[in-house]
Amino acid sequence: MSERKIRVVVAKPGLDGHDRGAKVIARAFRDAGMEVIYTGLRQTPEQIVETAIQEDADAIGISILSGAHEHYFRTIIDMLKERSAEDIIVFGGGVIPENEVPSLLEMGAGAVFGPGTPTTESIEWLRKAVEAKRAKEVQS
Amino acid sequence: MVFKEEKLERIEKEKQAFEARMEKSRQKRPEQRELFTTGSGIPVKTVYAPDDIKDLEYLDDLGMPGSFPFTRGVQPNMYRGRFWTMRQYAGFSTAEDSNARYRYLLSQGSTGLSVAFDLPTQIGYDSDHSMAQGEVGKVGVPVDTLADMEILFDQIPLDQVTTSMTINAPASVLLAMYIALGEKQGVSADKLGGTIQNDILKEYIARGTYIFPPKPSMRLITDIFDFCSNHVPKWNTISISGYHIREAGSTAAQEIAFTLADGIAYVDAAIKKGQDPNVFGERLSFFFNAHNDFLEEVAKFRAARRIWAKIMKERFGLTNDKAMMLRFHTQTGGSTLTAQQPENNIIRVAFQALAAVLGGTQSLHTNSMDEALALPTEKSVGIALKTQQIIAYESGVCSTVDPLAGSYYIEALTKALETQALEYIEKIDEMGGMLVAIEKGYVQQQIQDAAYAYQRAVESGDAVVVGVNKFQIKEDNSGRELLRVDPSVGVRQVTKLNAVKAGRDNLKVKATLEDIRKAARDEGTNLMPLILEAVRCYASEGEICGVLREEFGEYRENIVL
């Protein structure tokens, strides 16, 4: 039986225009056999959540280098809850100080990948996370 | 270069014998790599000799510094006369905090100011806009009205410093505020010196802080050119940038090509509006990256000067030498710095800064070691500034102009970069120019492909990043002192803004905004005087840009993956 491809939204929330990393990771996910929806810049949390739900995504990868990570992770995670979509995995990367990562994880982010993380690491993590998520879905 | 024919022949023969010996030795002892290339992929030979530059003509291809084609530098005596401006990009949290940082930097020997604005300000939103949530004061200083500028430049006389403002889509508004501030200080516009980045094309390509679509954006830019030619003659009206294009992942040749192709588009646009390139050309400036491959970077700066001078002379027919000169600011490459072992970044920045100096930059920003982690602390920006001072005062390289000229490798590489860059420019010309190339996504695709290739090289280990994929150590950076922006900054700024709005003549503001709206609809009217009138009355940047957004519309990103 063929396994459904992983569907991941790579998102740029807010005003941050640094998209090199987001584009590289989107391409790496695609080359790894996933279906990727890259949102482009200037996305509101509403738009990101709507896209993820519409696209039946397994996960949302948030790219943020502008220092507004606390605000955007929190808003996106809260919105997913409001729309009963908290099974969608939230993860991200960018310029996020190490000592601020725990609070993002506490909010509900699955992982935060800092500068220098090889794409293989994120890909592996996402595969396992989606596997676990799907296993839970089958059980419920 | 003048080499006797027979001497050249003997050298070439000797070189062939050398290559044959090297080939034999490689069989027994392979070299560290199969192919050596510059950071940008240009193949690098074992050794360079006179035959590699036998076609170089000193006077035509290099010339004396300060003379066409300016390969060796834009001033005859460069740093013997005056060092480059030590201009550290800074701004964060509030105008008060940023003002303190500027005065600190000036007290530590920096010789020019450089303003970093926060993202809402860069994108024409006031601090109370919904899109500004979470972003106020994070990557730069929030400036909503002239009142913020007054605080930002407190105790800083505008007739005694030059200021570079990294502002693009709303550049007209910030320039107007700077002029209005000068008026309040008693400094007339014709005495003001500085730069606005004002380079929208690279925003579409690589930086992302655009607001309006291309046509009205180019109109705003050419309005500024004209206004400054007449009223603010010492001001650099644009900083045509390659820095961000490189940061997005381009090669050195692409950095040159896409920057200069943007420059061509701006010159074309201004000429179409009836402006004289011999006049506005003098106040165009550029902004490049200082990246890792030391020698390639030096060659890059030299190639850029030569290409631009020839474009201005041959393509646009300029007769004023001063308008053909490529004057530039440099910033060391932020994307090369690592979160791992941040102290290593001090060394990276030192080499990159040296390359910029040997490349003849007019102005320089050196990044701080905590670049990958946060905005700089006072301590780390101090080290970055000292890096420049040590080069200037202790290294000896400033005593003579363009010391690497004549090096077989440097001249061969300068030529190779020039050739590659010209190929890209020609390709863009064939497409119909830069605006078309951006619309087609060609430029963005080239950059992304280069960025992806580099990431693959790092992950395969082919490209080494010390401390990241080789020579890693187990680190605990949790105790490191980093700059933090207080989360209450946003709320405080909104309170300030409301106070300004309450205290100003709101009828007058409304009238000035209406004047801007009317003028926006008439391409033949220069918007600058009207924007200036509005900022004098404390109209906010968001209000002005709000009107322009309604009239001009908003740019929709061409997503190229």
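Tutor: Helices here are DSSP runs of H or I with at least four residues, strands are runs of E with at least two, and both are numbered from the N terminus. The model is a predicted one.

Just after α21(B) comes B:G553, with a positive phi of about 80°.

The buried residues of α21(B) are B:E541, B:G542, B:E543, B:I544, B:C545, B:V547 and B:L548. An α-helix has 3.6 residues a turn, so residues three or four places apart point the same way. In chain B, the partners against which the buried residues of α21(B) pack are α4, α6 (171–185), α19 (506–520) and α20 (528–536).

One contact can be followed residue by residue. Leaving aside residues up to four places away in sequence, B:I531 touches B:I544, and also B:S172, B:V173, B:A176 and B:I516. Together with A:I60, B:I531 is named as having the most contacts inside the largest nonpolar core, a set of 194 residues. Within this core, the biggest contribution, 12 residues, is that of helix α10 (residues 252–272) of chain B, and at least three residues are drawn from each of domain 2 (103–114 + 143–460) and domain 3 (490–552) of chain B.

The remaining division of chain B is domain 1 (5–53). The C-alpha centres of domain 1 and domain 2 of chain B are 35 Å apart, and 10 residues of domain 1 are in contact with 12 residues of domain 2. On the domain 1 side of that contact there are five nonpolar residues, four polar ones and one charged one.

The contact between the chains involves 33 residues from chain B and 28 residues from chain A. On the chain B side, α4 (119–122) and α17 (442–460) are the elements that give two or more residues, and α17(B) supplies the largest share, five residues. By class, that side of chain B holds 17 nonpolar, 11 polar and five charged residues.

Chain B also contains an open sheet of nine strands, paired in parallel, in the order β5-β4-β3-β2-β1-β9-β8-β7-β6. Since β5 (235–236) and β6 (238–241) of chain B stand at its edges, each with a single partner strand, one side of each is left without a neighbour in the sheet. Further in, five bridges join the parallel strands β7 (residues 284–290) and β8 (residues 328–332) of chain B, and B:F286 stands opposite B:F328 in β8(B).

Finally, some backbone details lie in loops. In the loop between α2 (58–62) and β1 (85–90) of chain B is B:P69, and the peptide bond from B:F68 to B:P69 is cis, with omega near 0°. B:M78 lies in the loop between α2 and β1 of chain B and has a positive phi near 40° although it is not glycine. A:D56, also not a glycine, has a positive phi of about 55°. B:M78 is buried, with 23 other C-beta atoms within 10 Å, whereas A:D56 is exposed, with 10 other C-beta atoms within 10 Å.

Methods
Residues numbered from 1 in each chain as written. Chains lettered and ligands numbered in written order. Predicted model: local features only at pLDDT ≥ 70, side-chain atom pairs only at ≥ 80, totals over all residues. Domains from an automatic or database assignment. Contact = placed C-beta atoms within 7 Å. Nonpolar A, V, L, I, M, F, W, Y, C, P; charged D, E, K, R; others polar. Core = buried A, V, L, I, M, F, W, Y, C linked by C-beta atoms within 7 Å. Buried ≥ 20, exposed ≤ 12 C-beta atoms within 10 Å, placed from the backbone. Pairing = 2+ DSSP bridges.
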